[in-house]
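Thank you all for making the time this morning. Please have a look at the structure on the screen before I start talking through it.

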Amino acid sequence: MTDEINPLPQTTAAPPGGGVAWPGHSHWGADALERALRAAGPRLRQPLVVTDPLVWRAVGPTVQAALGAVPGLSWQVYDGVVPNPTLAQVREALHTARHLGCGSLIAVGGGSAIDVAKVVLAGLAGGLEVEELQAPRGLAWLAAPATPQDALLLAVPTTSGTGSESSSAALIQGDDGRKHLYRSLRTRPAIVALQPSLTLGLPPRPTAHGGFDAVLHALGSWVNTDPSPVGKALALHALRICLPALPAVLSQPDSLQARADMQMGAYLAGVAIGLNKVDAVHGLCTPLEARMHLTHAEVLAPVFSVVARHTVQTHARPYADAARALGMANTGDALRDALALIEAVEALAGLGGIATRFADLRLSAHEAGELATQALQSASTPLNPRPLAHEDIRSLYLQMAHPGVSP
Ligand SMILES: [Fe+2]
């Protein structure tokens, strides 16, 4: 018997390759902010806190106390972020940071504050004007890997849902009124503080809507065709946390355990979508959001109901696998198990007061076709377990507008 290693055999087909760009360091728990600030060390140089006025009124004293405990630290505050932020806030915050000589950023708030801070970081660290971020020089900076010399972005989420604290995307409304997606691993927060107490003041509606968004991030990342095993593991675990956490946080909004679970579930789902993206539910949601005065979750729920039920007719397996792994159903019939999971997600929407049918969506066949064209531009739509051609998507939109009509 010999311990010699055999010569490497010639293989005919290699399995698909991949890689993981791990997210930044995260700290969770009662003193997460304090530990995150300590971990930032000298990179926390004259930080600019990017936040919105309502959030700052609620959590500002806690954050200021933590900042005040860092020896020798001075900081500035920009509290001009608004929901659905525009480039105007990015320019204002970037100007403030430069004018005051800030060398790092702390985003305090929900997806809006963190998204603004991400784009400000690109301007600050890249020495770029906002307009340049869509031009070759800016795009090259955004596409390059992060370096230790880049300015630090520390995210302190006060909502649980968007996953912006752990994702590489920032959604900002441009000067043309359209929403632009800035995607860059370089602007993903290098440090995240998940302190559940900072989400205690979140009112019931954003709590429900954010939680439902997180559930669909986790589910979309799990069922889609992206093969990243790391993303899949995180997506399934995020689902395992989010499904019970959402009803818990709605029934016990003062429970720190429920808030902590929802926060961690949303964070993990954000990491998963950063690795795997989502599915056609989000892909078909974005074009509709631009024409409806509804929140993200209010568009997601009816789109989910139609798209997921269409998908499982031929591709029930990933949904059924999740239902079985989570102990929700195991009848031996993939479609039945998949439908049990879909019904559970629809029930969660109902629990959060989110309708699963559009009350007033009127679409002509032509308009549905235009929406389908836009939906196909999403990087997530082609990853849907059941492939969707333009004609399929057009039919699904019409079904959303006219429930009961078969696609
Ligand atoms: Fe979402």
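I will go through the cores, then a pocket, and then a handful of individual residues.

A word on conventions before that. This is a predicted model, in which local features need a pLDDT of at least 70 and side-chain atom pairs count only at pLDDT 80 or more, while totals for chains, interfaces and linings use all residues. Residues are numbered from 1 along each chain as its sequence is written, and side-chain values use heavy atoms, with hydrogens and water left out.

Let me begin with the interior. By a nonpolar core I mean a set of buried Ala, Val, Leu, Ile, Met, Phe, Trp, Tyr and Cys residues joined through side-chain atoms within 4.5 Å, where buried means under 20% relative accessible area, exposed means over 50%, and partly exposed is in between, with a 1.4 Å probe and protein chains only. The largest such core has 74 residues, and the members that touch the most others are F212, L284, L288, Y397 and M400. Helix α7, residues 229-251, supplies the largest share of this core, with 11 residues; helices here are DSSP runs of H or I with at least four residues, strands are runs of E with at least two, and both are numbered from the N terminus. Another core, of 32 residues, lies apart from that one and has A122, L124, A170 and I172 among its members.

Coming back to M400, and setting aside residues up to four places away in sequence, its contacts (heavy atoms within 4.5 Å) are L284, L288, P302, V303, V306, V307, F358 and L361.

Next, the second largest pocket. A pocket is defined on a 1 Å grid over the protein atoms alone, as an open set of points with protein on both sides within 12 Å along at least five of seven lines, whereas a cavity is a set where a 1.4 Å probe fits but cannot get out; lining residues have an atom within 4 Å of a point. The second largest pocket holds about 270 Å³ of space, a volume being the space filled by probe spheres set on the grid points, which are joined across faces, edges and corners. Its lining has 18 residues, and A146, L185, R186, R188 and A190 are the ones nearest its centre.

Is T187 buried or exposed? T187 counts as buried, because its relative accessibility is 3%. A polar atom of its side chain lies 3.2 Å from the backbone oxygen of S184, and, beyond four places in sequence, T187 touches K118, L121, A122, W141, L142, L153 and S168.

S221, in helix α6 (residues 204-223), is likewise buried, its relative accessible area being 0%. A polar atom of the S221 side chain lies 3.4 Å from the backbone oxygen of A272, and A272 is also one of the residues in contact with S221, together with others including G231, K232 and N276.

Two residues bring us to side-chain pairs, for which a polar contact is a pair of N or O atoms within 3.5 Å; within protein, one must be able to donate a hydrogen and the other to accept it, and residues adjacent in sequence count only if both atoms are side-chain atoms. Q64, in helix α2 (residues 53-68), is partly exposed at 30% relative accessible area, and its side chain is joined to that of W75 by a polar contact of 2.8 Å. E132, in the loop between α4 (111-126) and α5 (136-143), is partly exposed at 24% relative accessibility, and its side chain makes a polar contact of 3.0 Å with the side chain of R137.

Finally, some backbone geometry. Most residues other than glycine have a negative phi. Q46, in the loop between α1 (32-40) and β2 (47-51), has a positive phi of about 45° although it is not a glycine. N84, found in the loop between β3 (76-78) and α3 (87-99), has a positive phi near 50° and is partly exposed at 47% relative accessible area. P83 is in the loop between β3 and α3 as well, and it counts as exposed at 68% relative accessibility.
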